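Dear colleague,

I am passing on a structure that you have not worked with before, and I would be glad if you could look through it. My notes on what was found follow directly after it.

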Amino acid sequence: MISGSSMSSLSGEALTDNRGWLPDKLIPRNCAIRLILTILLILLAAASIWGIFQIPYTAIQNAVFSAFLAGIACSTIGVFVVLLHMPFIGVCMSHAAFAGALLGLWLGFNPLIVAFGFCLLAAAIVGPLADRGQLNPDTSLGVIFSLMLGLAFLFMGLMPGTKSGALDLLWGNILTNRLSDVILLAVVTSVVVGVVVVFYKEIQATVFNRQMAAAVGIASTVILYGVLFLTGATITASLQSVGGLLIFSLILNPAAAAYQLTYSMKRMFILSAVFGVLSGWMGLLFSYLLDIPSGATIVITSSLIFLVALIFSPKRKVKGWRQEVAPDNV
Amino acid sequence: MPCEVADGVAIDIHNAVVSYREDIALRGVSLNVRCGEFVGIVGPNGAGKTTILTIVNGMGKLLSGDVRVLSESVGRGNGHSLRKRVGYVAQVENIDPRMPMNVREVVMIGRYGLLGLLKRPRARDWDVVDEMIELVGMSHLADRPIGHLSGGEQQRVSIARCLAQEPRILLLDEPTASLDWRAQSEILELVKLIHNTSHLTTLFVTHDLGCLPVACERVVLMKDGLIWDEGAPHELLTDEKLSALYDMPIWAVQKRREEAALALA
């Protein structure tokens, strides 16, 4: 990476140099402002964590942490979903999780374990369809998606007594999260982020072109199924906070917004996580202030972020972008 | 450098049979390629040309037969290690113009297999990448998003990515398909240049005779999953043979070749 940054600064095209976390166009490299900004951000994060612990209600503390963690995990998974062009897989898996959780509730098992099982089942059906590539998987995905939704409502109908638990799984209630939910989310988020960091180059090659990644000797099939597994884990862990019907928006919207804004995959991961956390926290705030379900506010906030990103996207005018970067080459 | 094999045989395919679902793609094909040789594989669509390449780099599954590449028997388990030493360039594919990858990053993917798990690219890797981008004449576009390039430019990047792998064998699968005339001849010139300077063992698949590089020493004609004939290009590429290979009357073949000659002149 070191020679990479020196090379591009030599060629004078610092704008497309994408190895830093801040765009070089806004703030030049090796600049004191960069350092100060980093320190300020760390201080701000430390202060807000300290601030959260000053809140007397643990429910709100748990909700703030859950929103933070779910925002990061879902939006990171979203980057895969967007770059692999398989949004329907996420939809299928989140509905499978919802159906699984309801089955668990009905039969008296731990709903999250059944949800995870259903997620993996959906991935096992959908994965090979997507992997083969030449076959358009939309039809089979549609069948599985509607089947899962049908099963979910069947289990809900069969369930005796009050259905408030089921409704929480449907649209999520982040304010009822317990410490165990937060810990589960923290574990899943760490695994997701850790896998992305450790296997970054294999992941980058696989999402760019699976056949090509395989042709240079990367186990792209293993990476693909690993991603599907992590998707299942993320959906399961976030089910309680965001809800089975709405979780897919938190996966897709931040990543889709980041996709509009950058030509660097690293920056896309970071931006997506920032948007995810922002959606979670702002959604939580609206939910608290207006006393409406948190899943709905989180999803609507993330959609608004996507809309804003779309409006300001430099990618909508590819020609204009080209001229801006390298006028001598056009 | 090109091969490092004791007996000088880079690829040895013996009686290979491959089948996809109900269709048989190869029905007992044997082919022997020496180190540093440039072999053109010509035939109509569906003749099994691409399938030959996939069994050489271990992506295709053999039903029966035996394939040895660089003195190693291709089978379960060594596909990944083999593919690190075999470069593969496919046809131009549509790349999303918004794809967040630039040319240098795409070329670097070629080195990822060699680097192995948990290793990050070092300065030397970026040097090799820049060298290969220079070789294919893409230095001025090195920091462009990959999706913004034209088909010909993308194919140059694919070749650079393949060379960044420092392969022992180069497999080119219709690299000029769906390119315009100028881009086609530029890619062919590039392939010729690479072969002349590095003497890489090269298999070049095409259905279009006008797209066979001059460097080609031997031609293999394929039809219906079988090797139909092989020999030196000037002996094989006659109007009679081609008319039988493509099931076209002789006058039609002659007309096509005259048009091709005019186009290349």
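For the helix pairs described below, axes are lines fitted to C-alpha atoms over the stretch in contact, and angles run from 0 to 180 degrees between N-to-C directions. Please keep in mind throughout that this is a predicted model, which scores ipTM 0.88 and pTM 0.84. For chain B the average pLDDT is 87, and 96% of its residues score at least 70.

To begin with chain A, it has 15 helices and zero strands, and of its 330 residues 48% are buried. If one takes the contacts in chain A between residues at least 6 apart in sequence, 71% of them join residues at least 24 apart.

Within that chain, helix H4(A), residues 87-107, packs with helix H7(A), residues 164-171, at an angle of about 165 degrees, and their axes are 10 Å apart. Because angles over 145 degrees count as roughly antiparallel, H4(A) is roughly antiparallel to H7(A). The crossing of H4(A) past H7(A) is right-handed. On the H4(A) side the contact involves Phe98(A), Ala101(A), Leu102(A) and Leu105(A), which meet Gly165(A), Ala166(A), Leu169(A) and Leu170(A) of H7(A).

H3(B) contributes Val103(B), Val106(B), Val107(B), Met108(B), Ile109(B), Gly110(B) and Arg111(B) to the contact, while H5(B) contributes Val157(B), Ala160(B), Arg161(B), Cys162(B) and Ala164(B). Here the residues divide into nine nonpolar, one polar and two charged.

What, then, joins the two chains? In the model, 32 residues of chain B are in contact with 32 residues of chain A. On the side of chain B that touches chain A, at least two residues each are supplied by helix H2 (79-83), helix H3 (103-115) and helix H4 (123-135) of chain B.

Key:
Residues are numbered from 1 along each chain as its sequence is written. Chains are lettered from A and ligands numbered from 1 in the order in which they are written. This is a predicted model: local features need pLDDT of at least 70, side-chain atom pairs count only at pLDDT 80 or more; totals for chains, interfaces and linings use all residues. Two residues are in contact if their C-beta atoms, placed from the backbone, lie within 7 Å. Helices (H or I, at least four residues) and strands (E, at least two) are DSSP runs, numbered from the N terminus. Angles under 35 degrees count as roughly parallel, over 145 as roughly antiparallel, 65 to 115 as roughly perpendicular and the rest as oblique. A crossing is left-handed if the near helix is turned anticlockwise from the far one by less than a right angle, and right-handed if clockwise. pLDDT is the predictor's confidence in each residue, from 0 to 100. A residue is buried if 20 or more other C-beta atoms lie within 10 Å of its own, exposed if 12 or fewer, and partly exposed in between; C-beta atoms are placed from the backbone. Ala, Val, Leu, Ile, Met, Phe, Trp, Tyr, Cys and Pro count as nonpolar, Asp, Glu, Lys and Arg as charged, and the others, Gly among them, as polar.
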